[in-house]
Every structure is written in structure tokens, then in C-alpha cells.
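Subject: Handover of a structure, with notes

Dear colleague,

I am passing on the structure we spoke of, and my notes follow directly below it. Please read them with the structure open beside you.

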Amino acid sequence: MNSNMKSTSTIQFANYLGDVCPKYLTDITILQNNTIVLDTTPKNLISLFRFLKDDTSTQFKILCDLSAVDYPERNQRFEIVYQLLSVRYNTRLRVKTYVDEITPVPSLTSIYSCANWYEREVWDLYGVYFSDHPDLRRILTDYGFEGHPLRKDFPLSGYVEVRYDDEEKRVLTEPLELTQEFRYFDFISPWEQIDIDQPKA
């Protein structure tokens, strides 16, 4: 009974969001765990988040997380996912927007200050550009790093290797050289071979 009541209130809240800001939303979905997912476009992102944070019926004052997912087969390959929390109403909300490699996403740092580091992380690892960000720099990789490691077209071995040179007493960055190509051995363990080859006494 309690889960049905929660489900009904979730549906009512989703309907309310669809009624009060229809021009900002492209889709509303309710997941099985009663999480509401709002889809929007990058140009409506700032207006939607201002409403969600400031409206007395929503009060999503906390941006818990901002992440991205790469789907290379799509035209808009990057899915940017925002997780919001309303402490007043004990409610969580997920907002998604979609972009390609060259479309900028408006920065939310003017609304949620914690978005600063989250956006830097998404920029560093996926290459999604956030316009109007106060300090969009790499945060997890080195400043001279080329490429974005979590893109699904980035090679698993990377482009360069880093090593410490004892003679030069410094760290060197060199083009990656693989001594042999990757091989996959699909047979039983070599230790099991020993038992087979041993003559029986």
C-alpha cells in the first residue's frame, strides 16, 4: 500500500512538472524505482534548472552528481546526466540532455557552485565543452594529455607512455610502442599440460 501511494504521488509530481514547464522538456519518464527522469535540450538547461531550484513546489537545492555516457552510434553521442535532491520534499530527480562532439552545454556553475568540478571532470574525460564555465581545465589527466580517455573511440592503451628516466632525472612522455600485438590464448592452462605429458609410473 505504501509503495502504491508513493507511486501515485510520483505520477502526480511528474504531471505537475509537465504542466508547469512543458516548453523546457522533451520527455518525462518514471522508472520502476519511482525516479522521475526529465529530458531537455541544452538551450533550455539553464531555465529548467533555475525553475527546479527556486520553485516552491520543487526546491531541488542540491546537485548531487553530474556525469556523462558515450554512445558513439548516436548522432548526439553524449548523454549528460544530472542528479538532483530536494531535502525539503525528500525527492530525487534525474535530468538528461544530449549533445554531439561540437555542441556546447551551458555551465550550471551560476546555479550550483559544485557543478564547477563535475563539469571539469566531464570535459576532461569525455570532451564535452561547457560554455560560460569560469575555469574549464583538465582535472584528472595531465595538462598536456591528448584526447579524452572515456570516449569509446579512445584506444585502451592510450597514445603515449610516461616513464621516469634515471639518467635525465625527470619524467619522460614518449609515443607508445607496443613490443607485440595483443594475443589471446584460448586453451587450457600450461600447468594442466604438465600432468598430461608426464609418463605414468
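Asn90 counts as exposed, at 70% relative accessibility, where exposed means over 50% relative accessible area, buried under 20% and partly exposed in between, all with a 1.4 Å probe and protein chains only. Asn90 sits in the loop between strand E4 (78-86) and strand E5 (91-99), and its phi is near 50°, a positive value in a residue other than glycine. Asn34, which is not a glycine either, has a positive phi of about 65°, and Asn34 lies in the loop between strand E1 (27-30) and strand E2 (36-40). As background, most residues other than glycine have a negative phi.

A word on provenance: this is a predicted model, in which local features need pLDDT of at least 70 and side-chain atom pairs count only at pLDDT 80 or more, while totals for chains, interfaces and linings use all residues. Residues are numbered from 1 along each chain as its sequence is written, and side-chain values use heavy atoms, with hydrogens and water left out.

On the overall fold, the protein has four helices and nine strands, these being DSSP runs numbered from the N terminus, with helices (H or I) of at least four residues and strands (E) of at least two. Along the sequence they follow the pattern α-β-β-α-β-β-β-β-α-β-β-β-α. Of the 201 residues, 34% count as buried. The protein exposes about 13500 Å², of which carbon and sulfur atoms supply 51%, the areas coming from the Shrake-Rupley method with a 1.4 Å probe, and for residues only the protein chains shown count as cover. Among the contacts (heavy atoms within 4.5 Å) with a separation of 6 or more, 45% are between residues 24 or more positions apart.

In helix H2 (residues 45-54), the buried residues are Leu45, Leu48, Phe49, Phe51 and Leu52. They cover an arc of only 160° around the axis, which puts them on the same side of H2; the arc is that of the directions from the helix axis to the C-beta atoms. Phe49 is also one of the residues touched by Tyr112, together with Lys53, Phe60, Lys61, Ile62, Leu63 and Leu84, not counting residues up to four places away in sequence. The C-alpha atoms of Tyr112 and Phe49 are separated by 9.3 Å, although the two are 63 residues apart along the chain. Tyr112, in the loop between strand E6 (105-106) and H3, is buried with a relative accessible area of 3%.

Asn116 belongs to helix H3 (residues 115-126) and is buried, with a relative accessible area of 19%. Tyr143, by contrast, is exposed at 61%, and its place is in the loop between strand E7 (130-131) and strand E8 (160-165).

Finally, the second largest pocket has a volume of about 200 Å³ and is lined by Asp142, Gly144, Phe145, Glu146, Phe154, Gly158, Tyr159, Val160, Val162 and Thr173. For the terms, a pocket is an open set of points on a 1 Å grid over the protein atoms alone, where a 1.4 Å probe fits, with protein on both sides within 12 Å along at least five of seven lines, and lining residues have an atom within 4 Å of a point; a volume is the space filled by probe spheres set on the points, which are joined across faces, edges and corners.

Best regards
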